[in-house]
Amino acid sequence: MSICPFLLHFSAVVFDDCTGNEGVEFEVSNPDFLIDEKLNLVPRRHVIDSGDVMFVHGVNNHVDDMAQVTIMGEILGLSDMMPYRSKRSLLVPPMFVPENQRAPFPRLIGKVISSNMKEDHIFRLTGRGADQDPKGVFSINRLTGDVAVSRALDREAIAYYHLQVSTTDLSGKLVEGPADLDVSVIDQNDNRPVFKEPRYSGEVQEGSPTGTTVMTMTAYDADDPNTDNAVLRYIIVRQLPDKPSPNMFYIDPERGDIVTVISPHQLDRETLPTTQYELEIVAKDMAGSEVGLTGTATATITITDRNDHAPEFTHSLFQASVNEGSTGVVVNLTVDDRDDPATGAWRAIYSIINGDPNQNFEIQTNLDNNEGMLSVVKPLDYESAMFHTLLIKVENEDPLVPDVVYGSSSTATVYITVMDVNEGPVFFPDPLVVIRRENIPVGSFVAMLNATDPDYLQTQSIRFSVLRDPADWLIVNPFKGNVTTRAILDRESPHVHNNQYTALFMATDNGSPPASGTGTLIITIEDENDNAPYIFPSVARVCEDSKDMNVVIGGRDKDIHPNTDPFKIELGKQPGLEKTWKISRINDTHSQIMLLHSLKKANYNLPLVLTDSGVPPISNNTELKVQVCTCKKNRMDCSHAGSIQTNILLLLGLVLLSILFLKILQLSCVAALAQC
């Protein structure tokens with residue numbers, strides 16, 4: 001191989017094999033180009049896109065050399081000395097295919113050159129796009145190495161194909177390669193710019209400085225971002241409405257930022273014809289050139305409010321009247337505010353700044369209409385004050401902007417007249433609490449009711465009556481108000497709770513119309529020892545064969561201490577009871593009854609005397625029913641005890657007769673022995 005240089009000079013090939021350049025043949029990797037007779041690199045046809053590089057291969061009997069041509073813009077720039085100075089047998093240049101080509105297909109896109117190609121050698125193409133999905137996109141002429149594309153390509157689907165080229169003999173044995181073949185799909189401007197959303201929303205506060213950024217519009221283009229096909233420019237094509245100026249806003253053509261152009265003074269929400277402006281935004285690719293494709297979206301800009309208007313009362317004076325003793329809303333205060341309704345710059349806050357020392361009034365905001373609802377929360381008294389003058393202030397929830405202040409129109413006076421109403425008499429004290437002993441005689445004095453009429457400016461009389469007397473124990477003098485008994489007071493009555501009896505009285509004046517009031521009388525009733533004690537339980541059960549036949553009983557009394565325990569529990573006065581029964585005291589309320597010998601299964605009535613500790617004490621002669629039952633395996637059977645119904649007195653009589661009979665029998669035996 002010759003070491004003489006192989007150079008490309010502009011579009012002319014300079015080739016020197018140092019022997020006269022006889023029989024030189026040239027091959028160009030791009031089939032759209034050839035080397036003419038003057039060794040110029042010229043296109044065969046009109047070339048839209050030749051790619052970035054191509055290769056020129058020169059060969060004769062003396063030398064085999066190759067040069068790379070770099071395409072720079074529309075000029076064929078020439079590389080310096082080629083890096084391919086050593087001889088290579090398989091030359092695979094990168095290839096480029098414009099997307100969206102039209103038929104006919106297949107189309108030649110490049111050529112693979114082999115310096116060692118023989119008649120029994122063939123080219124083979126493998127990889128994605130050849131024998132891998134998507135299969136059959138590219139093919140290679142087995143004999144010439146021409147590479148062709150079989151159909152139109154879409155760069156946005158696949159932008160780059162990486163294949164391998166090799167040569168084999170006819171038996172399939174690898175001769176050369178594999179060598180990489182890279183096919184790049186050249187972008188065409190076949191995608192319009194697309195906005196993410198068809199409509200965008202933004203806000204800008206009224207009075208904002210010129211140049212305030214409102215929002216940013218962003219569109220996307222699926223074309224190659226490294227080409228002008230995806231370089232976008234933005235423009236506002238229409239503004240609705242177009243008042244006060246058709247150019248209130250400006251969009252940065254490259255960034256898509258929408259900013260205000262209108263002056264802060266003109267950007268006044270309260271004077272603008274609308275609070276919403278619609279902008280039609282167009283994004284154009286090809287850097288905005290006339291041939292660029294476009295996409296459109298709408299930007300809605302809302303002019304938001306700031307608190308630049310103080311609320312003002314519609315009247316400087318409001319008047320209202322209210323009945324004494326009543327509560328509720330008495331007057332609605334109205335205001336004007338030019339700011340945006342339902343915002344903190346419009347919502348009003350009312351306050352009473354003078355004239356309400358006792359906090360009789362309250363003012364709240366009606367959220368629906370922004371009115372102030374002035375209410376009476378503590379009833380007013382005509383006799384104390386016939387008129388009230390209030391000073392009311394109104395403010396906004398949000399603070400005012402620095403250059404706006406609350407003026408005199410933000411305060412108002414409310415003049416309230418209190419109307420006289422006939423008020424019912426008032427009891428004092430209420431409730432009235434007294435102490436009385438139970439069982440006092442009928443007609444006894446209980447209490448003196450006291451009621452006064454609040455309408456002291458009028459002369460009115462009062463009558464008393466009983467409104468509620470659960471036990472019907474009381475009567476009241478209608479003119480004087482003294483309460484006496486009409487029945488015996490009983491502390492143990494079910495109408496008495498915790499030793500207290502409650503009655504309700506009414507006092508009525510003679511006004512027009514008459515008015516009434518109620519008062520409560522609570523009588524604390526002291527106890528007397530007027531209830532006899534009683535035993536519990538009243539029935540006791542014992543086992544007939546038990547060795548320890550004991551019963552525990554207790555005493556109870558409806559009275560309260562000291563008229564109750566300690567209780568004394570004794571056997572009745574009948575003779576002989578102490579020979580069968582014995583009573584021993586356990587504590588102040590309970591005693592134990594012991595059976596001294598066994599009894600047959602039956603029911604027995606044991607006489608007892610139960611005495612309380614009152615002064616004087618009260619005794620109760622009562623009986624304890626004792627059931628003697630059969631007991632087996634922790635089970636007590638008293639089912640047949642009731643059939644006998646034996647009285648303890650009868651039992652005692654039988655016992656005494658038995659003893660007497662034994663004595664007589666004993667004496668008879670002694671006499672008989674004496675005779676013998």
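Figure 1. Strand 11 and strand 15 (residues 146–149) run antiparallel and are joined by four bridges. Within this pairing, Lys111 stands opposite Asp146 in strand 15. Strands are DSSP runs (E, at least two residues), numbered from the N terminus, and two strands pair if DSSP finds at least two bridges between them. Residues are numbered from 1 along each chain as its sequence is written. Because the model is predicted, local features need pLDDT of at least 70 and side-chain atom pairs count only at pLDDT 80 or more, whereas totals for chains, interfaces and linings use all residues; side-chain values use heavy atoms, with hydrogens and water left out.

Figure 2. Four strands make up an open sheet in the order 45-47-50-49, and their pairing is antiparallel. The edges are strand 45 (534–536) and strand 49 (581–585); each has a single partner strand, so one side of each is left without a neighbour in the sheet. The twist here averages 35° from one strand to the next. Five bridges connect strand 47 (residues 550–556) with strand 50 (residues 590–595) in the antiparallel sense. Val552 stands opposite Gln592 in strand 50.

**Figure 3. Strand 13 and its pairing with strand 16.** Strand 13 (residues 121–127) is mostly covered, with six of its seven residues buried. Buried means under 20% relative accessible area, exposed means over 50%, and partly exposed lies in between (1.4 Å probe, protein chains only). Seven bridges join strand 13 to strand 16 (residues 160–169), and the two run antiparallel. Gly127 stands opposite Leu163 in strand 16.

**Figure 4. The two disulfides.** The whole structure contains two disulfides, a disulfide being a pair of cysteine sulfur atoms within 2.5 Å. In one, the sulfur atoms of Cys543 and Cys631 are 1.8 Å apart. This pair links distant parts of the chain: Cys543 lies in strand 46 (residues 539–543) and Cys631 in strand 52 (residues 619–632), 88 residues apart. The Cys543 and Cys631 link is left-handed, with -85° about the S-S bond. Cys629 and Cys638 form a disulfide with their sulfur atoms 1.7 Å apart. Their link is right-handed, with 105° about the S-S bond, and both Cys629 and Cys638 are buried.

**Figure 5. The second largest cavity.** The structure holds two cavities of 30 Å³ or more. A cavity is a set of points on a 1 Å grid over the protein atoms alone where a 1.4 Å probe fits but cannot get out, and lining residues have an atom within 4 Å of a point. The second largest cavity holds about 50 Å³ of space, a volume being the space filled by probe spheres set on the points. Its lining includes Phe427, Phe428, Pro429 and Asp430. Strand 44 (residues 516–526) gives the most to this lining, with three residues.

**Figure 6. Met286 in its loop.** Met286 is found in the loop between strand 25 (276–284) and strand 26 (294–304). Met286 is partly exposed, with a relative accessible area of 22%. The C-alpha atoms of Met286 and Asp228 are separated by 4.6 Å, although the two residues are 58 residues apart along the chain.

Terms used: 1 Å grid on protein atoms, 1.4 Å probe; cavity = no way out; pocket = protein on both sides within 12 Å on 5 of 7 lines; lining within 4 Å. Axes fitted to C-alpha atoms, helices over the stretch in contact; angles between N-to-C directions.
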